[in-house]
Amino acid sequence: MAKLGRELAAKGINVINLSFGEPDFHTPQFIKDAAVEAMDKNFTYYTPVSGYPDLRKAIAAKLKRENNLDYNFDQIVVSTGAKQALANALMVMINPGDEVIIPTPYWVSYSEMVKLAEGESVFINATAENNFKITPEELEAAITPKTKMFMFSSPCNPTGSVYSREELAALVKVFEKHPEIFILSDEIYEHINFIGGHVSIAEFASVKDRTIVVNGFSKAYAMTGWRIGYLAAPKEIADAADKLQGQVTSGSCSITQKAGLAALEGGLKEVHEMRDAFLKRRGIVHELLSQIEGLKVNLPDGAFYFFPDVSSFFGKSVDGQTMNNAEDISLYLLNTAHVSTVTGEAFGNEKCIRISYAASEDELREACKRIADALGKLK
Ligand SMILES: Cc1ncc(COP(=O)(O)O)c(C=O)c1O
């Protein structure tokens with residue numbers, strides 16, 4: 001969708017891009033300064049496969065300070081984005097035929113990574129009625145003797161849903177009955193959370209030693225292009241990830257690692273400013289989308305996405321063009337309203353579209369107006 005949007009933009013059409021999964025803010029200046037300093041100090045050589053020890057120690061300190069999680073620095077593996085950390089975790093854990101339970105909607109790459117690891121994805125359909133979160137009963141029902149892992153994100157991309165401590169505790173009770181199942185917890189949106197503090201499932205002692213926490217810098221610090229993320233895991237898993245990464249990409253970029261270190265040591269002022277801006281935008285977009293008849297809109301608790309249900313428009317037409325599914329709606333909005341979104345099918349949900357609000361307030365107001373006009377024409 002982003003590519004089609006760029007093609008329209010190249011023809012001079014004013015396309016508002018709400019399909020991107022990245023903050024529209026610049027990386028804070030003190031982080032960029034640290035990168036320049038790293039180059040000047042010649043941090044330009046190969047790095048240790050799992051990352052510079054000072055960075056891994058700073059990550060362990062962050063996990064203690066912000067998440068109350070105890071990890072030694074040798075349980076941390078720094079990678080080229082949280083994406084590589086997720087891939088490492090799946091590659092070292094999953095054998096052919098192992099089942100990985102993934103609540104839908106889920107981030108696009110999860111099921112593809114499971115496929116690459118020769119595992120089988122088992123989906124649990126989380127519904128809008130339950131704020132796109134699964135229940136303990138649904139989790140229990142999805143478990144089979146082949147289940148190796150449960151993989152999820154909270155806050156979630158694409159729904160923005162956030163599991164509360166109580167909701168995680170209820171899921172943990174199910175895992176306590178199944179001590180053979182590992183948990184892959186993607187916490188990349190940790191800091192874009194509008195309901196108070198983030199809760200990591202690894203905080204529950206009964207599952208900590210079989211949980212792999214993945215986090216990074218892309219979303220919190222607006223550092224998507226720097227490519228840095230990490231996993232924190234039981235030592236054997238971290239060692240295996242180190243071995244794998246050593247044969248694939250080696251250590252991540254030296255300059256980026258020094259920038260990441262500065263980010264962790266620099267406090268959360270900028271991170272919170274960005275979160276507050278997202279919160280304000282969420283309010284604007286929620287108010288405007290809620291006024292559109294036929295659109296079912298949840299209020300997301302985190303991340304920077306809305307995931308409205310557009311299924312009431314299926315079967316409706318304009319100018320001989322009929323909307324049969326979410327992809328038709330997304331394409332219609334792009335071609336007619338010149339607003340680019342992403343079809344829910346990409347995230348394992350056929351009724352919704354994803355609208356990112358990582359854009360300016362003016363763009364968001366204009367985009368919502370265009371969406372309302374376009375959907376209003378469908379009869
Ligand atoms: C849920 C989720 N996990 C992981 C990532 C990857 O993050 P990174 O840029 O650190 O690789 C993304 C990026 O969009 C994401 O949405």
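In this predicted model, helices α2 and α10 sit oblique to each other. That follows from the numbers: α2 (residues 29–40) and α10 (residues 254–265) pack at an angle of about 140°, and since angles over 145 are needed to count as roughly antiparallel, the pair is therefore placed among the oblique ones. The two axes run 8 Å apart, and the crossing is right-handed. On the α2 side, the contact is made by F30, I31, A34, A35, A38 and M39, which meet I255, K258, A259, A262 and A263 of α10. Sorted by class, that contact comes out as ten nonpolar residues, one charged and no polar.

Turning to the sheet, seven strands line up in the order β2-β8-β7-β6-β5-β3-β4, forming an open sheet with mixed pairing. The edges belong to β2 (76–79) and β4 (120–125); each has a single partner strand, so one side of each is left without a neighbour in the sheet. From one strand to the next, the twist averages 20°. At the β4 end, β3 (residues 99–104) pairs with β4 in the parallel sense over six bridges, and V100 stands opposite S121 in β4.

Helix α4 (residues 82–93) lies across β2, β3, β5 (147–153), β6 (182–186), β7 (211–216) and β8 (229–232). Relative to β7, α4 runs at about 160°.

As for annotation, an unreviewed UniProt entry lists residues 14–371 as "domain: Aminotransferase class I/classII large". Over that stretch the chain is 40% helix and 15% strand, with the end C-alpha atoms 14 Å apart.

Note on methods:
Residues are numbered from 1 along each chain as its sequence is written. This is a predicted model: local features need pLDDT of at least 70, side-chain atom pairs count only at pLDDT 80 or more; totals for chains, interfaces and linings use all residues. Side-chain values use heavy atoms; hydrogens and water are left out. Axes are lines fitted to C-alpha atoms, for helices over the stretch in contact, and angles run from 0 to 180 degrees between N-to-C directions. Helices (H or I, at least four residues) and strands (E, at least two) are DSSP runs, numbered from the N terminus. Angles under 35 degrees count as roughly parallel, over 145 as roughly antiparallel, 65 to 115 as roughly perpendicular and the rest as oblique. A crossing is left-handed if the near helix is turned anticlockwise from the far one by less than a right angle, and right-handed if clockwise. Contact means heavy atoms within 4.5 Å. Ala, Val, Leu, Ile, Met, Phe, Trp, Tyr, Cys and Pro count as nonpolar, Asp, Glu, Lys and Arg as charged, and the others, Gly among them, as polar. UniProt positions are given in the numbering used here, feature names are shortened, and annotations may be inferred rather than shown by experiment. Two strands pair if DSSP finds at least two bridges between them.
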